[in-house]
Amino acid sequence: MNNTIYENNIKALKDKYPVWAAILENTKRKKRGFDVTAEQSLMGETILKVSQEGKELYLNGKYAPSAVTERWMEAQGTVEEYAPIVIVGISNGEHIRRIMEWAPKTSNILVYEPSFEIFRRAMQEVDLSFMFQPDIPVGVIVEGINGNEVGAFFHFFISCDNMALIRLYLSGNYRELFPEKVEAFIAALNQHLEYIQVRWDTALRYANVNAINVLSNLHYLYEGYSMRELYDILPDDIPAIIVSAGPSLNKNIMELKKAVGKACIIATDTAMKPLLNAGIVPNLFVIVDGLKPELLFQHKDISKVPMVTMTAVSTGPMDCHKGKKFFYLGGPGIEVEMLKELEEKEGEERVLPNLMSGGSVATSAYCLALNMGAKTVILVGQDLAMTGNKTHADGTFKDKMDDIDVNSGEYMEVESIDGGKVLTRNDFKFYLEWFEKWIKEWSHITTVDATEGGALIHGSKIMTLKGAIRKYCKRDFNVKWHIDHSRKLFTGDNRRIAMKYFSGASAKLDEVKKKAKEGQRYYEKLEKLARENKTAGKEIDKTLKRIKKLNRYMETDYMAQMVMESLVGLNYTLRPAVYQSETEQNREFMDIAEQGEVLMYGMIIAADEIKQTAEKTVVKYAKEHPVDEQTNGKKE
């Protein structure tokens, strides 16, 4: 051991991560069949060699490890500002030092070391103190110290803004030495990137419809109920049954009749028609989709079942359903501002809660069940796969669903509930992993998979629906009584709060449009100054100050947020350009100005379009439903 190097490393480690240093100094060596030794390469570098089960492997190469790093950097081409760089393997640390010198100073660098013993030996033999200096953008994960923080580091280092710029460096022989750990880390990284992509795809998909849906549906919120009214109404021994519309639902749907009155039956939106056609009226159904077709809700009994939803869902289903509606928080904009004022007057218990969701209506229904107090959740029709080469049960989108094209390349195999294999697709696999993660996390909840087909959900109890009902649905409980005795969200004089925002929506959108026009002029001024190379002095400082004030308004005003959210697709196309490196200051200002002008123009157009919707919806509703006529000035 090189005592001088070790003391320097430990000092740097103690200054930044004192707990790490204590673990390193107090953990005894455990595994004798695994040896790490230090040698000199032909180029004079200190390198590490691992001896394991009769094999000897040099980390990052034996002869010229620095050349490996140089070749990798050359292959990367230009690395943009803010690009995240993920490095697997600490090895002798020289590749990390070189990458830090080479990468833009704005890059976040994340280092993952799958072996505590290699980290310990590297601390003894090579200088790693540079990795632990204060205020450098390097994150370090070492198995045996903070290996459980992988997800947190991904969340902090990699976002939708920079995910397309990511670079991965895999140190030599790490995959051979630690195949399971390295593969698990890379799988977790890919899963994080997929998660970001799913969120962006969803945002882009709904960007142009959210504002229209919210304004069109706000009057239902005004007449509706908070989801909080459903909290904790289920005793511990009353299960919730989540009915989804997977292909296997056709197999056991009639068994659900035996659970009526002995469980809280929560249907997903797509499962409603098959259930009602079978003569089964669930206690609630959930809809979360801003583009869900009205076709799924065209049934004579649909209004008998209370809906759990948010204002951003499709207007067709909301109009079709005439029954009781329970709302959870839908997102920023007029709704949040309106509820904020209601909370100040009525307290937290009278406003909308968030509903945790894994991105699907079934995962949302699962979370709803837990909020209602369920300790046992039974999943039915939750195939998460193309059981029988179908996407959904018969009677959902069609009386007889079409077979999928198994050779389209869209599908992949996963483990099936019967021990074989079944086809699934990316979004279903994402939801499958969500269920598995939270079933493990929420170990106090018993999750029973009574789907009788589809993908295996690890962590769930596999049972037939008949068996699950026999075991868990043992006594009568009147869920409907509790639902019927819920209080409306807006009552009495508090209805004036909503009406104030309804009637003032047009004027507020005019204000946003006016601010966007001002912003357009500021960005045009900035572009002019940049073209004239006047990037210093009072004039540009004044312009930048105005832009900063304008941006603060756009980020904090509730109606500006609604307009901005409708432009998320435009925002996404502009964001990567923010990270393109520019050497000349005036060129940088020109880029900012050009992007700002496009964004402000988009906001002007969007504000006009949203105003047209507001005039036809909330403004019209406010005129037709004066508060005094509704309440006669008295509380309900």
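A charge sits over a ring if NZ of Lys or CZ of Arg is within 6 Å of the ring centre and within 35 degrees of the ring normal. Keep that rule for the first stop. This is a predicted model, where local features need pLDDT of at least 70, side-chain atom pairs count only at pLDDT 80 or more, and totals for chains, interfaces and linings use all residues. Residues are numbered from 1 along each chain as its sequence is written, and side-chain values use heavy atoms, with hydrogens and water left out.

**Stop 1: charges over rings**

Select Lys515 and Tyr553. The charged end of Lys515 sits over the Tyr553 ring, 5.2 Å from its centre. Now select Arg425 and Phe428. Here the charged end of Arg425 sits over the ring of Phe428, and the distance to the ring centre is 4.2 Å.

**Stop 2: rings with rings**

A pair of aromatic rings is described by the distance of the centres and the angle of the planes. Rings of Phe, Tyr and Trp (its six-membered ring) pair if their centres lie within 6.5 Å; planes under 30 degrees apart count as stacked, over 60 as edge-to-face and the rest as tilted. How many aromatic pairs does a search of the whole structure find? It finds 25.

Select Phe154 and Phe185. Their ring centres are 5.4 Å apart and their planes stand at 55°, so this pair is tilted. Phe154 is in helix H6 (residues 150–157) and Phe185 in helix H8 (residues 179–222), so the pair links parts of the chain 31 residues apart. Helices (H or I, at least four residues) and strands (E, at least two) are DSSP runs, numbered from the N terminus.

Phe154 is buried at 2%, and Phe185 is buried at 3%.

Next, select Phe502 and Tyr621. The centres are 6.2 Å apart and the planes at 75°, so the pair is edge-to-face. Phe502 belongs to helix H17 (residues 495–503) and Tyr621 to helix H23 (residues 618–624), 119 residues apart. Both Phe502 and Tyr621 are buried.

Then select Tyr366, Trp434, Phe435, Trp438 and Trp442. Together they form one aromatic cluster.

**Stop 3: an open sheet**

Select strands E1, E2 and E3. They form an open antiparallel sheet in the order E1-E2-E3. Two strands pair if DSSP finds at least two bridges between them. E1 (34–40) and E3 (55–58) are the edge strands, each pairing on one side only. Strand E2 (residues 46–52) pairs with E3 over 4 bridges. One to find: Gln52 has Lys55 in E3 as its bridge partner.

**Stop 4: helix H2**

Select helix H2 (residues 18–26). Its buried residues are Trp20, Ala21 and Leu24. The buried residues pack against helix H1 (3–16), H5 and E6; contact means heavy atoms within 4.5 Å.

**Stop 5: Val138**

Select Val138 in strand E6 (residues 138–142). Val138 is buried, at 5% relative accessibility. Not counting residues up to four places away in sequence, Val138 touches several residues, including Lys16, Tyr17 and Phe157.

Conventions: Buried means under 20% relative accessible area, exposed over 50%, partly exposed in between (1.4 Å probe, protein chains only).
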